[in-house]
Every structure is written in structure tokens, then in C-alpha cells.
Amino acid sequence: MNELAVRVHKVSMDFGTGGMAVRDASFDLETGRFLTILGPSGSGKTTLLRMIAGFLRPTSGAITIHGQPVEAVEPHRRAVGMVFQKLALFPHMTAAENVAFPLKMRRFDPRTIPARVERYLDLVRLGGFGGRRIHELSGGQQQRVAIARALVFEPELLLLDEPLAALDRKLREEMQLEFRRIQKELGVTTINVTHDQREALVVSDDIIVMDGGEIQQHAQPVTMYREPANPFVAGFIGVSTFLDGVATAEGMEAEGRAFAGRHIGAIAPGAPVRAAIRAEQILLDPPSGPTLPGTVSDVIFEGERLLYVVSAAGRAFQVYHHDPEGHAPRAIGAPVSLGWAPRDLHIFKSR
Ligand SMILES: Nc1ncnc2c1ncn2[C@@H]1O[C@H](COP(=O)(O)OP(=O)(O)OP(=O)(O)O)[C@@H](O)[C@H]1O
Ligand SMILES: [Mg+2]
């Protein structure tokens, strides 16, 4: 086990405007790991990050960075680098002057500054761009200047608040891989906030999913995807459709049929349950096993796959079919049956 970098212990934030922005959040982060806080708008992500940065004092609870309480260190002395959604680069300065700024603020030896700036511009693949003014750079290049500026003084912690949200999808996906590369290269402990579930899966060692100010699950990406802790997480990561029914010893009963499945937590037979099934795990007209009868209500071509919308059990099931070329699409209105492997039926106790 690596050294502990960040400890968030029973932290809450009440702005006094009704409802808590963050409620009783606790987690540990080891040195060198990349944690993503994922959640919908208003779920408390930025509030939590601002408390970790020391910009906002929790109503209750404690936050330590390398064993030191956050509030024990003055803001400009904290070894924390930050990149925000609004980049806050200095537009009248060059890229190199922007990157040099935190070094000057921290009174680094002026003779060492140019070489260090050059090294970090190289790291973000902007070698040779140091003399450009900010407005002479593309959006993605500006983003990389902001990253270099956050990293140049070698912070022990890097905090990122949706720094990629404004970019188009292709650039955003490239930058996600860049973040990953740079973070691995430097080994800097990172907390990244996003509402993009793909980004969370791609870049992170660990993911925390938040909803309504509360941590819903804290797990590594594969676990988060394969073993969602509750229906919220199952619905938020990936595309899931829900099926309501009653628990059996082996799974559940729904629409008069018995389905084998995975109980999440202890569930007594007879209890009302809600199951989640992912779009890519639903089989159309499987040759065997219990199935749910339905009707195709829409077929959408998405390039690498088809998305079927199938009405069944009073729900609109989303079903991905890969290999659209090797497949004769079912027509709208056609009857189909839906099946899945028992391990892909995640059964939760209904609330
Ligand atoms: N300064 C503030 N005063 C009062 N309420 C606030 C303040 N900042 C945030 N909130 C409230 O706290 C809740 C969480 O806000 P927060 O900004 O942390 O959400 P978020 O998860 O970052 O959302 P987004 O994805 O939209 O950025 C929201 O209900 C918000 O309205
Ligand atoms: Mg936010």
C-alpha cells in the first residue's frame, strides 16, 4: 500500500440554502493515483473539490493532505495544482509567461525558470510554442498550457474541475489520453471532476460516483462497471434499462417468468426488486433461456452499432447490436424476444 495522499473524513457542506451540497463524504486516496469524481450536475462535485483545495471550509468533517489539515497551510503555499473549466490563463501573456507565473509567485530561482518552463511545455507537447500569445493557440493547446501551468511547480496534488468540458468530442478524447499519459509520467496524485462517464472509465485508477451530495460508490473502473452498487450507478455508468419484479432465491420473477440473476446485497425471496440490464448485454431472440417478449419500436444506426428500442414489460429497452453490416435489421413493429446471461441481470432491492 502506498502512502496516503488525501483523506476526506465525514465531510459535509451546508450552504444554508436548503439541502446539503455534500453529505458525510469519506474517502482515502493513495499517492500517485488518479481519482475521478463522477456525477450529474448539482451532485456536489465542485463543492467537494473546492473543500479539498482549501477554498471552502466544510460545515463538518476533516480533510488532510499528506497528513496535514488543509486549513493549516495558506492557500498560496499549498502544493496543489489546479485546472478549472474556465481556464483563467492570462490572455496578454505568452504561453511561456503563463507557465512561468506560478514559479515566480513561489520565488523559484529566476535562472532555473526558463529551462523548467521549456521542460513542461515539452511534456504537454507544446515545445516551440512558448512565444505564442494565448489567443494565437487553439482550444486544445490552451488547455495544455493550463495543464503545464498547474504542473510546473511540481505539486503533490493536481485538482481538475471539468477542464475538458468545453472541447469537442474528438479533442476531448485525445486530451483524456494525454492526461493519463502525463499523470503516469509524473506520478502526481490527481483528483479529476467530470460528468462524462466515458472519461471516468478511461482515465481513472479509482472512481467515486456522487448523487445528491452523497457518495454512491467508490471503486475501480472495471468493478464500477461490472458491479454497480445501486440502480443509480447502474443507470449512470453505461446504458441500462430497468425491470421490476419480485426476488426469488435464484434471481427474480417478472412478467410471469423466472429469471436467474445476481442479487446485489442480501435480498429475501418475495421482496420487491428492480434489476438493471445493460444495452450491450441484451440478446435479441436468444435460442434458449427465459425471455421477455417485446416489439421493436425504433432502430437507430450509430455507425459501429445499431441501437434498437424495444417495448417490453411496459418499458423502452435499449439494445445494442454490433456488426450492423452482417445483420438484417428487424423492422419497426416486428416482434422480438429479449434475453441475457444470468450474470448480466443486476438485481437490487427496491427502495
Ligand atoms: N456558493 C454556493 N451557495 C449556495 N449553494 C451552492 C453554492 N455552490 C454550490 N451550491 C449548491 O450546491 C449543490 C452542489 O453544487 P456543485 O457546484 O458542487 O455541483 P456539481 O456537481 O459541481 O455540478 P456541475 O456538474 O453542474 O458543475 C448545488 O445544488 C448547488 O446549487
Ligand atoms: Mg461543478
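Two residues are in contact if their C-beta atoms, placed from the backbone, lie within 7 Å. Keep that one in mind.

This is a predicted model: local features need pLDDT of at least 70, side-chain atom pairs count only at pLDDT 80 or more, and totals for chains, interfaces and linings use all residues. Residues are numbered from 1 along each chain as its sequence is written, while chains are lettered from A and ligands numbered from 1 in the order in which they are written.

Overall picture. The chain has eight helices and 21 strands. Helices are DSSP runs of H or I, at least four residues; strands are runs of E, at least two; both are numbered from the N terminus. The C-alpha trace spans about 75 × 50 × 40 Å along its principal axes. Of the 351 residues, 37% are buried. Buried means 20 or more other C-beta atoms within 10 Å of a residue's own; exposed means 12 or fewer; partly exposed is in between; again the C-beta atoms are placed from the backbone. Take the contacts with a separation of 6 or more: residues 24 or more positions apart account for 66% of them.

Start with V70. Where does V70 lie? In the loop between β5 and β6, the latter being 80-83. Buried or exposed? V70 is buried, with 22 other C-beta atoms within 10 Å. Leaving out residues up to four places away in sequence, V70 touches I52, G54, I63, T64 and I65. V70 and D14 are 56 residues apart in sequence, and their C-alpha atoms are 19 Å apart in space.

I52 is one of the buried residues of α1; the others are K45, T47, L48, L49, M51 and A53. Seven of the nine residues of α1, residues 45-53, are buried, so the helix is largely enclosed by the rest of the structure.

Strands pair if DSSP finds at least two bridges between them. β4 is residues 60-65, and five bridges join it to β1, residues 4-13; the two run antiparallel. S12 has S60 as its bridge partner in β4. β4 also runs antiparallel to β5, residues 68-69, with two bridges. There, T64 stands opposite P69. The hairpin of β4 and β5 has two residues between the strands, and H66 takes a positive phi near 50 degrees.

Next, the helix packing. Two packed helices are described by the angle between their axes and the distance between the axes. Axes are lines fitted to C-alpha atoms, for helices over the stretch in contact; angles run from 0 to 180 degrees between N-to-C directions.

Helix α2 is residues 95-105, with A95, A96, N98, V99, A100 and L103 buried. What do they pack against? Against α3, which is 113-123, and α4. The axes of α2 and α3 come within 9 Å and cross at roughly 115 degrees. On the α2 side, A95, A96, V99, A100 and L103 meet I113, R116, V117, Y120 and L121 in α3. By class, that contact of α2 with α3 has nine nonpolar residues, no polar and one charged. Nonpolar covers Ala, Val, Leu, Ile, Met, Phe, Trp, Tyr, Cys and Pro; charged covers Asp, Glu, Lys and Arg; the others, Gly among them, are polar. After α2 comes R107, with a positive phi near 55 degrees.

Now α4, residues 139-151, and α5, residues 169-186. They pack at an angle of about 20 degrees, axes 11 Å apart. That makes α4 roughly parallel to α5. The cut-offs: under 35 degrees is roughly parallel, over 145 roughly antiparallel, 65 to 115 roughly perpendicular, and the rest oblique. G139, G140, Q143, I147 and L151 in α4 meet L171, M175, I182 and L186 in α5. The contact of α4 with α5 divides into six nonpolar residues, three polar and no charged.

Last, a sheet. It is open, has five strands in the order β16-β20-β17-β18-β19, and pairs antiparallel. β16 (283-284) and β19 (315-322) stand at the edges with a single partner strand each, so one side of each is left without a neighbour in the sheet. Inside the order, β17, residues 292-301, and β20, residues 335-339, pair in the antiparallel sense over four bridges. The bridge partner of G294 in β20 is V336.
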